[in-house]
Each structure stands twice: as C-alpha cells, then as structure tokens.
Amino acid sequence: MARYSRNRTPYVFLGIVIVLFLIFTARIAYIVVMEKDGRRSYDDPVVASSVVRGRISDRNGNVLASQTSTWAIHFRLSAIEDMEYAAMTISPYIGMTIDEIVERAGRYTTYALIKDGIGMGEAEAVRAAVEDAGLADQIDVTRQQTRSYASHFHASQLIGFMNREGVGSEGIEYMFDDVLSPYPELGESVTYGDDISLTIDLDIQYLVDVQVQNIAYEHDPDYIMAIVADAKSGDILAMSSYPWYDLNHYNVSSADERLNRCAAYNYEPGSVFKVFTLAKCIDEGVDTTTPFLCDGSETFTVNGNSFTISCHTPHGQVDGRQMIAQSCNGAIASWCLQLGDDVFYEYLRSLGFGQKPDLPIPALTSGYLADPSSWSSRTKATLAFGQEIDVNALQIVSGATAIANGGIQRPLNIIHEIVDHDGTVVWQSPEEEGHRVMSSQTADLILSYMVSAVEEGTAKKAAVEGIRVAAKTGTAEIVNPETGSYADGTNLASTLVMAPADDPQYIIYFAISAPKGNSVWGADIAAPACGALVEGLARQGRIQTDSQTKIQVN
C-alpha cells in the first residue's frame, strides 16, 4: 500500500496543478471580459495617509498636549561609502562632533538614527548640505510627528505621553489612545483625532504645584499627593503627584516618577478619616454631645478581648466638636464601637472606600476595606481614626464631597468634554445628582466642627484672614513593609480642607509621605499648604473674602 501511494503521488500532484491553473486562467479571462464590457470595475478605496492626533487641553482651552512636526537624521549604513565624510557633512548643523556621530552610527547595523527632534530650520540646512555633498542616497532627513507638552511637569502623571511609536503611554494619552488617534478613515486623505478637554484648571494646578514644591524643599518627603476638586460638580481641578517628570523628556524619567500616586498609592489615611466616622455616629444616634474623658489612653474590651487606644496627649473632656478640633482617638473609637459592624462597613462602602473610583486613570486602585467577618476585636475602633483601612487620595476627596454638599456625595470627574475636528462636542461630562450618604444636618454639623479645628484646634495653620475655612488634619503611621510594624515605620502628614466653609466651593487635600524636616505632623506640613492655596484662590478671585479684611500675602 505504501509503495502504491509513493508511485502515484507525482501524477496526482501534477493533475491538481493543471486543474488549478485552468480555473485561474478562466477566472482571469472572465474578469477581463467583464471589465471590457463595462459591467464590472474595481477601484482601491482611498485610505487616509496620515492621522493627526487630537489635542489635550485644560477646561479653559489651555493646550496641554499637541501634535507637532520635527525632523530626524538617519544614516543608511549599507550605502555610506565614507563614514567620516558623512559625519563631517552634518556635524556643523546638529550640535554633535564627528566622533559623536560616528560612535552613534556604530550602535546600529542597517539604519542608524543620528539625531531626532530637529527643528525645520536645522533640517533644511542639513538637507542642503547633504545634497551639496552628493550624499542624498546615503543620509535621510525625514519629517516625523511628535508630541509637545506645554505644561512640562504640571499634571504630568495624569496627562501621560505618546511614545516614539506614536502610541499613547501612561495617563490620559494611554486611556484615550483610540480617541486621540483613531484608525485611518476611508475616503479621507487625513484622519483627525478628537480633542479632549480635562476638568483640570491650569491656573489652579500652578497654585498647587508651588505648594508641593515648597513642601518638597522644606521636608524632603518620599511622596506628595495633592488634589483640588470643585465641591459642587466633583470636577478635579488640580492633581499633583510628586516626584514629577517632564513629559517632553519622558525617556529619562523613572517608573517612580511616572506613577500617579493620587490614584495608585494605597495608604492608611489617619485622623482625616474621623470626619467620616463621626458623621455616621451622629446619624445613627450615638451620643457625641456628652463629653468623653480622654486621659491620653483608653482601654476597651470587645468580645472578651481588651486593647488600648492612645492619643498623643490627654485631651480632657471631649465632645464631637472638640474631638474634631483636637483629634482625639479615644473619643471617636468609643463612639464608633457603638455602631453595628455591618452598618459601619456598608456606610464606608457607600462612600466609595474599598472600591475603585469610576475614573479613566490607569493603575487606579480600590484601596482595601476588609469584610466584617474578618475583623478583630479592635478593628472597628482603629478604623474609626483611619487605621486598618487602605485608601487612595481620590477616595478621600470623593468622600469629602458628601460633607461639602449637605450629605450628597458627587462622583468625581476628570474629562470635561470631547470635541471632534469640526468643533462638535461628541461627549460632555454629565451633571449627576449623586447619592445621599448622610443627613444634611449631620454634614453641616461636621463642617462647623472642622471650622472649630481651624479656629482653635489642630488646623490653625490652615486659617486665612477674611475666609472661613473648614479643615481636618491627620498624621498617620506608615507600616514598615519589611517588618510589618509601625514602630520603625514613617509617617503620613495630611490635611483636608473645604472652603469657604459657609458654602464650600473647593475641596483641597494634601498628603505627604515620610517627611524628614523638623515635623511629621499634618498640622505643621499639610495645613499651611492648604491655607496658602486658599489664599491663592482668593487672589485669583475664585473665593470672596470679607470686605473689611485684606488677605495677607507673604
């Protein structure tokens, strides 16, 4: 059987080839005849030869990212006859020595990139020199589409960048790559991407970054996170994650610099969290008006297990207002322990803790909030003042919108609108009503308590003349990841501000990780920055001051 198959195979194969040839010939003849008769014709569709990437701008039209043209010089290594002569020809025009050019060419095998990012005038001079030297078939001067970032390091992690291959990497450039740079369209010579307008206000972003820079200089922290949001709409007006990097030189940045820590860094929030806990205690009818006696340390017993909660100093008689003003751990722990586990857990979930915010930001985390079934005897008490829970900065700001809006939490926004090349708005941030998470009376009460923190408590350095400011400071311990202990860890200093307190327009949040200056307290590091930012907003005419009071500008 095997011998039969082997002997017949050449003839079978030949027969198949002949049949296929006849079918192909007949098909060609049919097409020719049909085209001659005019009954069938075929034209290649016109496909756009280039795609112009859409712009990214702030809410006021200030361009943050735009498409630009630059030129690059390449050597065709297989065609170059005299490398020294080729290098000498272009050297005077590109700011590189002959040796540098030769060394650069030596890194490649066939097509060597000598220099890119060259301006039009420089490119024309090189092209003329190359043609005069008779090297046009050896040296290419080519135009390329690149990305220009006018904001440099401002909001850099949020914006992201376009890489050398023309693909969005990091931030909005990555999340909206197909919107900014769609596939080439049929029937068009050029395809234009849509323009994206962020909710960011560049003027406010500048104010924030000045304060971030001051903190970095004075306290040398590992990281700084700062956010300003519109209290009414939830629009994010500024977002800063330090250390920064320049988007125009992303290739020399580190992964640490490119990480947007406002979205991707989980941490225990500390005492700022007390405003959320106290609100739930009040709504559930826990007595927070009868003073709690704080002697600096309080031992609680839950399910037969005893544990101790400490304050950095004895606070004496503490009611709800004084708890916020003086930041008493013992008092808030005592009140929170009177809440049902599931009641407190579901409330925190309703505020957005333990779940990812609905924002188009890469690497966005959900934080961590354990299910009550896994809580220890002391979990609820420590949750009360921001331990045993991980959050990101956006979650804190999102939760704060409820206090600023009479108990109704607003969703955060980062995209203002998307506009096509013809100027038509194809998407706009919707006006959402939000959802109620606390009573309006409770929200207003918490705000008044936060004003007391500025007037007579830990947040005095956030005070601004002529403006009622509501604030809550926080200083959390950061666990050493190697030892799992607070004892040899660092601190996170933070402050949450709402201004003006009578009708909050802005939510401001600063969180500073591992400060190394003369203080580790949020009251000393973050609160002054928040106060200075409120002053800046007043100078820009965004917050009205008392007519009899003049803002003191340092």
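## Labels and their grounds

Guide: Phe153, Tyr242 and Trp244 form one aromatic cluster. This is a predicted model, and the count of aromatic pairs comes to 11.

Visitor: What makes the pair of phenylalanine 300 and phenylalanine 307 tilted?

Guide: The ring centres of phenylalanine 300 and phenylalanine 307 are 5.9 Å apart, and rings pair if their centres lie within 6.5 Å. The angle between the two planes is 35 degrees. Stacked needs under 30 degrees and edge-to-face needs over 60, so the remaining label, tilted, applies.

Visitor: How do you know whether phenylalanine 300 and phenylalanine 307 are buried or exposed?

Guide: Buried means under 20% relative accessible area. Phenylalanine 300 has 10% and therefore counts as buried. Phenylalanine 307 has 7%, so the label is buried for this residue too.

Visitor: Why is the pair of phenylalanine 344 and tyrosine 347 called stacked?

Guide: The planes of phenylalanine 344 and tyrosine 347 are 25 degrees apart, and planes under 30 degrees apart count as stacked. The centre-to-centre distance is 6.5 Å.

Visitor: How are phenylalanine 344 and tyrosine 347 placed in helix H14?

Guide: Phenylalanine 344 and tyrosine 347 are 3 residues apart in H14 (residues 341-350), so about one helical turn separates them. Phenylalanine 344 is at 0% relative accessibility and therefore counts as buried. Tyrosine 347, with a relative accessible area of 4%, is buried as well.

Visitor: Why are helices H2 and H4 called roughly antiparallel?

Guide: The axes of H2 (residues 83-94) and H4 (residues 120-132) cross at roughly 160 degrees. Angles over 145 degrees count as roughly antiparallel, and H2 and H4 therefore get that label. Their axes come within 9 Å, and the crossing is right-handed.

Visitor: Which residues make the contact between H2 and H4?

Guide: From H2, Thr89, Ile90, Tyr93 and Ile94 take part; in H4 they meet Glu122, Ala125, Val126, Ala129 and Val130. By class, the contact residues are 7 nonpolar, 1 polar and 1 charged.

Visitor: Why is helix H11 described as largely enclosed by the rest of the structure?

Guide: Of the 10 residues of H11 (residues 274-283), 9 are buried, so the helix is largely enclosed. Among the buried residues are Lys274, Phe276, Lys280 and Cys281.

Terms used: Residues numbered from 1 in each chain as written. Predicted model: local features only at pLDDT ≥ 70, side-chain atom pairs only at ≥ 80, totals over all residues. Heavy atoms only, no water. Axes fitted to C-alpha atoms, helices over the stretch in contact; angles between N-to-C directions. Helix = DSSP H or I, 4+ residues; strand = E, 2+ residues; numbered from the N terminus. Parallel < 35°, antiparallel > 145°, perpendicular 65-115°, else oblique. Left-handed = near helix turned anticlockwise from the far one by under 90°. Contact = heavy atoms within 4.5 Å. Nonpolar A, V, L, I, M, F, W, Y, C, P; charged D, E, K, R; others polar. Phe/Tyr/Trp six-rings, centres within 6.5 Å; stacked < 30°, edge-to-face > 60°. Buried < 20%, exposed > 50% of the residue type's maximum accessible area, 1.4 Å probe, protein only.
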